[in-house]
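Hi everyone, thanks for coming. Let me put the structure up on the screen, and then we can walk through it together.

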Amino acid sequence: MNIKKNKIFLGLIISVLTLVCFFVLATPTAVRAEVVVTVDFFYSQTCPVCAKEKLFWAGLEGKYPGVTISRHDVAESESIDLIRSYYDSYKIPPDAWGLVPATFIGERAYLGFSDETGRTMEVDILKLLGGEATDANPTITDGTREERLISQIDELKKREINLPL
């Protein structure tokens, strides 16, 4: 009778260990944090190319829940300071400053917009959502040169140069 109890007890232990192993192996060991991709989109109300990119973002916005689009109108003074900091940090050539739309995603800057640029942006967003890096080279395509934006940036440069030491 004692041997029979031991066999039942041993069977019970093996069953419990089997269930524990199943649940441990079936549960992912690392839960991946939700990736958020931020898009900084600079535009002008008078730019027809910007209007086309606005439509692109409107169509893409609901498609990828992890994407946040920050829109910046270059007619607003706080946008001028911000875009200038992006030009510096993304090492945008000065001859391309003032071109809108200007979009910054991950390590990449896009100046101007075309259908091909939109496809490239979407591929880069998918890479970032998957945890991959993007190409750091800027993409410059057709856009609208905003002379007002250029003159405001030039004015900021003059102010910095003329600051007393």
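A quick definition before we start: a residue is buried under 20% relative accessible area, exposed over 50%, and partly exposed in between. Please also keep in mind that this is a predicted model.

Let's begin with the sheet. It is open, with five strands in the order E2-E1-E4-E5-E6 and mixed pairing. At the edges sit E2 (67-73) and E6 (139-140), each pairing on one side only. Further in, E1 (residues 37-43) and E4 (residues 102-105) run antiparallel and share four bridges; there, Val39 stands opposite Ile105 in E4.

Now the helices. H3 (residues 77-89) lies across E1, E2, E4 and E5, at about 120° to E1. H4 (residues 115-129) lies across E1, E2, E4 and E5 too, at about 160° to E5.

Lys52 is partly exposed at 40%, and Asp115 is partly exposed at 48%.

Next, Glu122 meets Lys63 at 2.9 Å, N to O. That links H4 to the loop between H2 and E2, 59 residues apart. Here Glu122 is buried at 18%, while Lys63 is partly exposed at 49%.

Finally, Arg108 pairs with Asp124, their closest N and O atoms being 3.3 Å apart. Are these two residues buried or exposed? Arg108 is buried at 12%, and Asp124 is buried at 3%.

Key: Residues numbered from 1 in each chain as written. Predicted model: local features only at pLDDT ≥ 70, side-chain atom pairs only at ≥ 80, totals over all residues. Heavy atoms only, no water. Pairing = 2+ DSSP bridges. Helix = DSSP H or I, 4+ residues; strand = E, 2+ residues; numbered from the N terminus. Contact = heavy atoms within 4.5 Å. Axes fitted to C-alpha atoms, helices over the stretch in contact; angles between N-to-C directions. Buried < 20%, exposed > 50% of the residue type's maximum accessible area, 1.4 Å probe, protein only. Salt bridge = Lys/Arg side-chain N within 4 Å of Asp/Glu carboxyl O.
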